[in-house]
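Subject: Structure for you to look at

Hello,

Here is the structure I said I would pass on. Please open it first and then read the notes below it.

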Amino acid sequence: MEVFAVDGLPEVRPGEDLAGLIEDNVDLQDGDVLCVASTVVSKAEGRGANLAAFEPGERARAIAERIGEIADEPKDPRFAQAVLEESEEILLGAPFILAVTQFGHITVNAGIDRSNVPETDLLLLPENPTASARRLHDALGVPVVVTDTSGRPFRQGQRGVALGWAGLPACRDWRGEHDREGRELTATVEAVADELAATANLVTGEGADGRPVAVVREFAFGDHDGHDALFRDPESDLVRQALRGYEYSTD
Ligand code: GDP
Ligand code: MN
Ligand code: MN
């Protein structure tokens with residue numbers, strides 16, 4: 001397996017034909033997986049937004065005030081409002097906003113970005129990253145993972161995760177297979193889409209590199225069962241349940 005970033009892509013503008021841009025800059029082959037940073041998917045889909053467009057409601061003002069108190073610096077309630085509008089549920093209101101996006105991904109600030117965004121104050125995540133991945137997959141013919149850089153609990157540092165995917169299952173299900181001792185695996189489900197996203201993130205960079213697209217070449221899913229249940233079911237997610245009782249939970 002090989003991974004490389006695609007060079008030569010311009011600043012992506014609203015309405016851009018992203019598939020066409022990618023096609024012009026890389027020759028894709030059978031066995032490639034195309035990993036595309038959500039930043040450029042959002043830009044192409046016109047997901048730039050300005051703070052002035054968000055009228056903060058009571059809850060957004062309360063959240064911004066609480067975070068501001070903890071951080072000891074004022075926080076813009078319009079930003080909190082933008083996060084609320086992008087979210088299906090808020091798991092934590094402070095000391096940072098941990099949100100469930102409308103498409104089920106859990107992340108700080110609903111993934112709203114302020115870096116690599118030249119024209120607007122904010123860049124929202126794609127509305128439906130799996131639909132975005134599906135469109136790119138249909139146009140380009142290879143599996144596609146739409147990625148974002150995301151933090152994680154328990155560990156410092158961010159890494160790439162999959163927001164949406166098409167043309168391959170998100171998970172490799174090892175259950176029912178056997179280890180070297182012949183013991184049956186009963187729990188192991190490998191989050192392949194996240195692993196591909198993290199691999200891509202190694203070569204796309206986070207700053208001024210200008211390389212939002214990576215190709216993982218000769219990736220083999222192998223002879224395994226696969227499924228798409230990457231986001232945990234809310235009702236059986238113990239951490240999500242526990243956060244509902246946390247003092248800074250806002251629901
Ligand atoms: P995210 O992980 O999806 O939030 O995206 P990042 O902001 O980390 O950007 C990932 C990569 O894409 C970095 O190399 C950026 O420099 C690059 N990038 C971001 N926007 C653009 C763009 O419009 N055009 C090009 N060519 N590169 C971009
Ligand atoms: Mn991002
Ligand atoms: Mn990134």
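Leaving aside its neighbours within four places in sequence, which residues is Glu 86 in contact with? Keep in mind while looking that this is a predicted model.

The contacts of Glu 86 are Arg 47, Val 100, Thr 101, Gln 102, Ala 110, Ile 112, Leu 124 and Leu 125. Glu 86 itself is placed in helix H4. Its relative accessible area is 17%. Buried means under 20%, so Glu 86 counts as buried.

Helix H4 also meets another helix. H4 covers residues 77-86 and H3 covers residues 58-71, and their axes come within 8 Å of each other. The two axes cross at roughly 120°, and H3 and H4 are therefore oblique to each other. The crossing of H3 and H4 is right-handed. On the H3 side, the residues in contact are Arg 59, Ala 60, Arg 61, Ile 63 and Ala 64. On the H4 side they are Pro 77, Ala 80, Gln 81 and Leu 84. Sorted by class, this contact has six nonpolar residues, two charged ones and one polar one.

Next, the metal ions. What coordinates the manganese ion (ligand 2)? Asp 113 and Asp 148 do, each through OD, at 2.1 to 2.2 Å. Asp 113 is in the loop between strand S6 (106-108) and strand S7 (122-123), while Asp 148 is in strand S8, so this pair ties together parts that are 35 residues apart in sequence. Asp 148 has a relative accessibility of 7% and therefore counts as buried.

The manganese ion (ligand 3) has Thr 149 (OG1) and Glu 206 (OE) as its protein donors, at 2.0 to 2.2 Å. Thr 149 lies in strand S8 (residues 144-152), and Glu 206 lies in the loop between helix H6 (192-204) and strand S12 (213-217), so these two tie together parts that are 57 residues apart in sequence.

How far apart are the manganese ion (ligand 2) and the manganese ion (ligand 3)? They are separated by 5.2 Å.

Regards

Note on methods: Residues numbered from 1 in each chain as written. Chains lettered and ligands numbered in written order. Predicted model: local features only at pLDDT ≥ 70, side-chain atom pairs only at ≥ 80, totals over all residues. Heavy atoms only, no water. Axes fitted to C-alpha atoms, helices over the stretch in contact; angles between N-to-C directions. Helix = DSSP H or I, 4+ residues; strand = E, 2+ residues; numbered from the N terminus. Parallel < 35°, antiparallel > 145°, perpendicular 65-115°, else oblique. Left-handed = near helix turned anticlockwise from the far one by under 90°. Contact = heavy atoms within 4.5 Å. Nonpolar A, V, L, I, M, F, W, Y, C, P; charged D, E, K, R; others polar. Donors = N, O, S within 2.8 Å, 3.2 Å for Na, K, Ca; no water. Buried < 20%, exposed > 50% of the residue type's maximum accessible area, 1.4 Å probe, protein only.
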